[in-house]
Amino acid sequence: AGNDSMEKIYSHFQAWTEYDKYSVIEQRRPDCNFQAALLFLLASEEFKRRRYRVIAENILDFLYFRSGLLVRFSPDQSLVGTWGWSHVLKTVWFDDNAWNCLIQLLVSANYPELERKYGMKEWALTLADNMAAAFMSHFQAPKEFRPVWLGNLNLPHWGSLACMAMAKAYGASRRPALKEAVDIYHKFLEANVDSFIASELAYAAIGSGICYSVFKDDKFRSLASCFGDKLASRMDTATGNITAEHYEAPVGKHLADTIYTMNWALMGFQILAGITGEGKYRGAFLKILDLMLRIQDR
């Protein structure tokens with residue numbers, strides 16, 4: 001109660017339950033659910049706890065059988081395999097669907113019993129094909145770009161994440177159109193390496209790094225390192241923090257942006273350390289990891 005942003009929140013998140021002095025937002029997003037399901041699958045193995053596996057499967061049952069988020073049929077087939085932004089807003093975003101695609105492929109490859117239950121691989125590959133078609137329309141024929149696909153592909157937040165998913169899908173299918181889309185985007189990135197804020201550098205490092213892990217082409221590793229070096233140069237040497245400057249989050253040098261910057265920088269440096277073996281990236285990863293652990297509300 002008394003939240004100055006209440007009206008704005010309700011307009012953006014149009015499902016909620018009212019209580020005496022507060023409301024609970026009831027929005028359900030597939031990307032967040034896929035991430036949580038993967039977390040609980042990994043936790044069930046790490047901690048040998050069956051209940052974590054049960055939670056993961058409950059989430060996946062919701063996604064595939066109860067949520068209505070997966071587009072199983074569309075008149076022209078162009079949206080089949082996509083997932084709506086939430087169960088009450090059916091818009092299709094490049095970044096969210098990139099995570100949905102990637103995590104389906106990861107779970108499918110590592111949990112064959114879940115692949116059999118949900119058919120994840122085929123849904124993910126169908127999604128990747130339709131994502132690539134929309135992606136190519138944007139870069140090659142902008143007037144034909146399907147407006148139902150949302151996200152500014154000129155920013156790695158959307159473009160590099162789409163490449164991450166398409167690269168993984170290529171690894172599982174060897175479909176040439178997926179590689180073509182990834183190559184086109186990385187030519188664009190190469191021509192614009194100096195035009196991104198820290199958040200976008202982190203997304204670009206993630207996307208290029210994962211592309212290298214699939215294609216083993218040095219151009220992807222070189223570009224990922226370029227973005228990683230630019231990101232590292234913006235880190236505070238004492239704390240590991242990177243100035244919060246994303247337009248959707250509070251801005252300031254004293255703030256750690258864990259929505260759009262530090263979380264993705266952490267993942268970016270982890271990937272860079274893995275594909276290059278260089279200590280500078282592992283050091284940056286550990287410094288940010290230490291910061292993220294220290295600022296947790298216990």
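Me: Which residues does Asp95 touch, not counting residues up to four places away in sequence?

Reply: Contact means heavy atoms within 4.5 Å. By that test, Asp95 touches His157, Trp158 and Leu161. This is a predicted model: local features need pLDDT of at least 70, side-chain atom pairs count only at pLDDT 80 or more, and totals for chains, interfaces and linings use all residues. Residues are numbered from 1 along each chain as its sequence is written, and side-chain values use heavy atoms, with hydrogens and water left out.

Me: Where does Asp95 lie?

Reply: Helices are DSSP runs of H or I with at least four residues, strands are runs of E with at least two, and both are numbered from the N terminus. Asp95 sits in helix α4, residues 94–110.

Me: Is Asp95 buried or exposed?

Reply: Buried means under 20% relative accessible area, exposed over 50%, and partly exposed in between, with a 1.4 Å probe and protein chains only. Asp95 is buried.

Me: Which side chain of opposite charge is nearest to Asp95?

Reply: For charge, Lys and Arg count as positive, Asp and Glu as negative; His and the chain ends are not counted. The nearest opposite charge is Arg29, 5.9 Å away. A salt bridge needs a side-chain nitrogen of Lys or Arg within 4 Å of a carboxyl oxygen of Asp or Glu. Asp95 has none.

Me: What does Arg29 meet in a salt bridge?

Reply: Arg29 pairs with Asp31, at 2.8 Å from N to O. Arg29 is partly exposed at 23% relative accessible area, while Asp31 is buried at 5%.

Me: How many salt bridges does the whole structure hold?

Reply: The search finds 16. One of them joins Asp183 and Lys179, again 2.8 Å from N to O. Both residues lie in helix α8 (residues 176–190), 4 residues apart, about one turn of the helix. Asp183 is buried at 17%; Lys179 is partly exposed at 22%.

Me: Which parts does the pair Lys230 and Asp194 tie together?

Reply: Their closest N and O atoms are 2.6 Å apart. Lys230 is in helix α10 (residues 218–232) and Asp194 in the loop between α8 and α9, so the pair ties together parts 36 residues apart in sequence. Lys230 is partly exposed at 24%, and Asp194 is exposed at 65%.

Me: Which residues are linked in a network of salt bridges?

Reply: Arg53, Glu57, Asp61, Glu113 and Lys117 form such a network.

Me: How many disulfides does the structure hold?

Reply: A disulfide is a covalent bond between the sulfur atoms of two cysteines. Here it is called when two cysteine sulfur atoms are within 2.5 Å. The count is 0.

Me: What does Ala204 touch, not counting residues up to four places away in sequence?

Reply: Ala204 touches Pro156, Ser160 and Phe227. Ala204 is in helix α9, residues 198–215, and is buried at 0% relative accessibility. Ala204 and Leu155 are 49 residues apart in sequence, yet 8.7 Å apart in space, C-alpha to C-alpha.

Me: How many helices and strands does the chain have?

Reply: The chain has 12 helices and 6 strands. Buried residues make up 48% of its 298 residues.
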